[in-house]
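Please read it alongside the sequence and the coordinates.

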Amino acid sequence: MVIKLQTALDSGKLATGLFVDFTKAFDTINHNLLLNKLEVAGIRGNALLWFKSYLKNRTHYVEIGNKKSEGIKIDKGVPQGSILGPLLFFGIY
């Protein structure tokens with residue numbers, strides 16, 4: 001996309017682009033709101049319980065060599081780097 005914009009600009013054409021960075025937005029999703037929206041969308045019973053267990057009681061820590069920091073409880077955000085992360089993030093909007 002950037003190459004197409006640059007090519008258009010280099011040849012004197014009008015070019016516009018919209019770039020959106022969602023990296024921090026993934027960290028702001030409220031778990032309870034997301035679970036409520038999943039339930040309204042028809043996800044109930046064991047499936048909803050699975051999503052709840054996927055989101056709840058997560059911790060983050062840093063590990064360098066054989067040393068590990070104390071874990072910090074994460075109570076919002078969707079896990080990044082998985083198939084479900086973007087689906088859950090964009091599903092809430």
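## A buried histidine

His31 is buried, with a relative accessible area of 2%, where buried means under 20% relative accessible area, exposed over 50% and partly exposed in between, for a 1.4 Å probe and protein chains only. The residue has its place in helix α2; helices (H or I, at least four residues) and strands (E, at least two) are DSSP runs, numbered from the N terminus.

Leaving aside neighbours within four places in sequence, His31 is in contact (heavy atoms within 4.5 Å) with Leu55, Lys56, Ile74, Asp75, Lys76 and Gly77. A polar atom of the His31 side chain lies 3.4 Å from the backbone oxygen of Asp75.

## Basis and confidence

The model is predicted, and local features need pLDDT of at least 70, side-chain atom pairs count only at pLDDT 80 or more, and totals for chains, interfaces and linings use all residues. Residues are numbered from 1 along each chain as its sequence is written, and side-chain values use heavy atoms, with hydrogens and water left out.

The chain averages a pLDDT of 86, and 95% of the residues score at least 70; pLDDT is the predictor's confidence in each residue, from 0 to 100. Confidence in the chain is highest in strand β2 (residues 63–64), at 95, and lowest in α4, at a mean of 77.

## The largest nonpolar core

The largest nonpolar core has 13 residues, of which Leu34, Leu35, Leu38, Phe51, Leu55, Val78 and Leu88 touch the most other members. Such a core is a set of buried Ala, Val, Leu, Ile, Met, Phe, Trp, Tyr and Cys residues joined through side-chain atoms within 4.5 Å. Two or more residues of this core come from each of α2 (31–40), α3 (45–55) and α4 (84–91), and α3 gives the most, with 4 residues.

## Aromatic rings and charges

Rings of Phe, Tyr and Trp (its six-membered ring) pair if their centres lie within 6.5 Å, with planes under 30 degrees apart counted as stacked, over 60 as edge-to-face and the rest as tilted; by this rule there are 2 aromatic pairs. Trp50 and Phe51 form an edge-to-face pair, 5.2 Å centre to centre and with 80 degrees between the planes. The rings of Trp50 and Tyr54 are stacked, because their centres are 5.3 Å apart and their planes are at 10 degrees. Trp50 and Tyr54 both lie in helix α3, 4 residues apart, or about one turn of the helix.

Trp50, Phe51 and Tyr54 form one aromatic cluster. In it Trp50 is partly exposed, at 45% relative accessible area, whereas Phe51 is buried at 13% and Tyr54 is buried at 17%. Arg58 lies over the face of Tyr54, at 5.3 Å from the ring centre, and Lys68 lies over the face of Tyr61, at 4.5 Å from the ring centre; a charge sits over a ring if NZ of Lys or CZ of Arg is within 6 Å of the ring centre and within 35 degrees of the ring normal.

## An exposed loop residue

Asn57 is found in the loop between α3 and β1 (58–60). Although Asn57 is not a glycine, it has a positive phi of about 55 degrees, and Asn57 is exposed, with a relative accessible area of 65%.

Conventions
A polar contact is a pair of N or O atoms within 3.5 Å; within protein, one must be able to donate a hydrogen and the other to accept it, and residues adjacent in sequence count only if both atoms are side-chain atoms.
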